[in-house]
Amino acid sequence: MTKFPKGFLWGGATAANQLEGGYDRDGKGISVADVMPGGKIRFQVLGSEDFDWSLDQDKYIYPNHRGIEHYDRFKEDIALFAEMGFKCYRFSIAWTRIFPKGDETTPNEAGLKFYDALIDECLKHDIEPVVTISHYEMPLHLAKEYGGWKNRQLIEFYERFAKVVLERYQSKVKYWMTFNEINSAFHFPALSQGMVKSTGGGDFKNIVQAWHNQFVASSKAVKIGHELNPDLQIGCMIIYATTYSIDANPVNQLATMKQNQEFNFFCTDVQVRGEYPAFTDRMLGERGVAFSDLEITDEDLALIKEHTVDYIGFSYYMSSAVTVTEEDADEVAGNLLGGVRNPFLEASAWGWQIDPEGLRLALNELYNRYQTPLFIVENGLGAIDEVKEDGTIEDDYRIDYLRRHIEAMADAVADGVDLMGYTPWGCIDLVSASTGEMSKRYGFIYVDLDDEGNGTLDRSKKKSFDWYKEVIATNGEQL
Ligand code: BG6
């Protein structure tokens, strides 16, 4: 018996703003990602009180503008994915290529032509496209002039965008996700909701209102997609961070339960079950917000109830530990959420705590709660790779990370979890979302480009390239 089901979707994942480049080509508008400075100061700048989405090219560099020039080299990149045997490729459609400012009524044909070609290239290689409709790259105009997702008008703009791409690609693309890491707004609403402190991103009421508007928008996309083609599989997408209490103290256990509910389950409860969870009032109340203060109509609630998602896509990189009793516990970094140091785990060079067993727990937690198919659409190790004199890159640390996580997936499948596929993040090196660095690399394919923008952009295969090819060829038997 094989560990993974027949037809398991092995592949890789990227996002338009982190690899395409060509940020102002062929009518593309400016997105929020295009004004995020590169370097470790990125979140500090975005999180400051006075950040107002201004571009300041004298002060900062903007690596997303060039990405890895996938816009011009996508055929070469997809050929490499095909050589690894990818069954699927997860990418996103840049909203600003289709609707440059976001509030137009007619789409930009040149932008659509790019995705026509990209999707056809995947299909030519028998690679199933998996599309994220919105991945941290909403039009800047919507963030600046409309104040981001807290504004209800965005539902209509997103619906128009989603309708255009769903109609155009419904016969070619079966798997979709409506919003990347929708729950990330809990700690950082700039990326997914287009809200910073100067436009109300520091106010939890705005975050919840924005979520509600996104839930409605997501359900509208699900409705449109299913009406166009009932075979379409449209998922939600969250960051999942397995969360442990630091010890057996019931007070810490309770804090852990709350963090789990609020961070890991709030959005999925709404998008999968179609209803706000029972703990909503408490979660909002503890932050001074009343559900009745939000702009929510009966029609919204009916729509959310009726048009739930078909599967749960999620990213998993690390786990988190919680304490409310240890005041001097070491804080650690993490994927848009922090936590305290877990003494049983090692961390990546960026401080993310590596935890393959946590993935098995995540898969079981999610599956037991929802009994809905799961798709791991991001996982991987951000690391500094060294190119040897002969050009080889021995990324055994990455192979080790991925191997242990795939073993955990196999264990979860044996536990009975319905797992559809696995698309490790940044299958080709790209610009990091949290720090805008190139040196934080995830890929099987190396791209010769540094943090300052120097390099030939040549692609080369890392050791993990052949390793992953074998994993796919043997459907996960050979690790
Ligand atoms: C996820 C995002 O949070 O993690 C990706 O969906 C991101 O866009 C990935 O790139 C890895 O994070 P980072 O900050 O290392 O690029």
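Trainee: Which residues are in contact with Gly443, leaving aside its neighbours within four places in sequence?

Mentor: Contact means heavy atoms within 4.5 Å. On that criterion, Gly443 is in contact with Asp395, Arg398, Gly426, Cys427, Ile428, Asp429, Lys462 and Ser464, its neighbours within four places in sequence being left aside. Please note that this is a predicted model, in which local features need pLDDT of at least 70 and side-chain atom pairs count only at pLDDT 80 or more, while totals for chains, interfaces and linings use all residues. Residues are numbered from 1 along each chain as its sequence is written, and side-chain values use heavy atoms, with hydrogens and water left out.

Trainee: Is Gly443 buried or exposed?

Mentor: Buried means under 20% relative accessible area, exposed over 50%, and partly exposed in between (1.4 Å probe, protein chains only). Gly443 has a relative accessible area of 0% and is therefore buried. Its place is in the loop between strand 12 (419-422) and strand 13 (445-447); helices (H or I, at least four residues) and strands (E, at least two) are DSSP runs, numbered from the N terminus.

Trainee: With which side chain does the side chain of Lys462 make a polar contact?

Mentor: A polar contact is a pair of N or O atoms within 3.5 Å; within protein, one must be able to donate a hydrogen and the other to accept it, and residues adjacent in sequence count only if both atoms are side-chain atoms. The partner of Lys462 is the side chain of Asp429, at 2.8 Å. Lys462 is buried, at 2% relative accessibility, in the loop between strand 14 (459-461) and helix 15 (463-473).

Trainee: What does UniProt list for Glu378?

Mentor: The unreviewed UniProt entry lists Glu378 under "active site"; positions are given in the numbering used here, feature names are shortened, and annotations may be inferred rather than shown by experiment. In the model, Glu378 lies in strand 11 (residues 374-378) and is buried, with a relative accessible area of 4%. A polar contact of 3.0 Å joins its side chain to that of Arg90.

Trainee: How do the axes of helix 7 and helix 9 cross?

Mentor: Two packed helices are described by the angle between their axes and the distance between the axes. Axes are lines fitted to C-alpha atoms, for helices over the stretch in contact, and angles run from 0 to 180 degrees between N-to-C directions. The axes of helix 7 (residues 153-169) and helix 9 (residues 204-228) come within 9 Å and cross at roughly 25°. Helix 7 is therefore roughly parallel to helix 9; angles under 35 degrees count as roughly parallel, over 145 as roughly antiparallel, 65 to 115 as roughly perpendicular and the rest as oblique.
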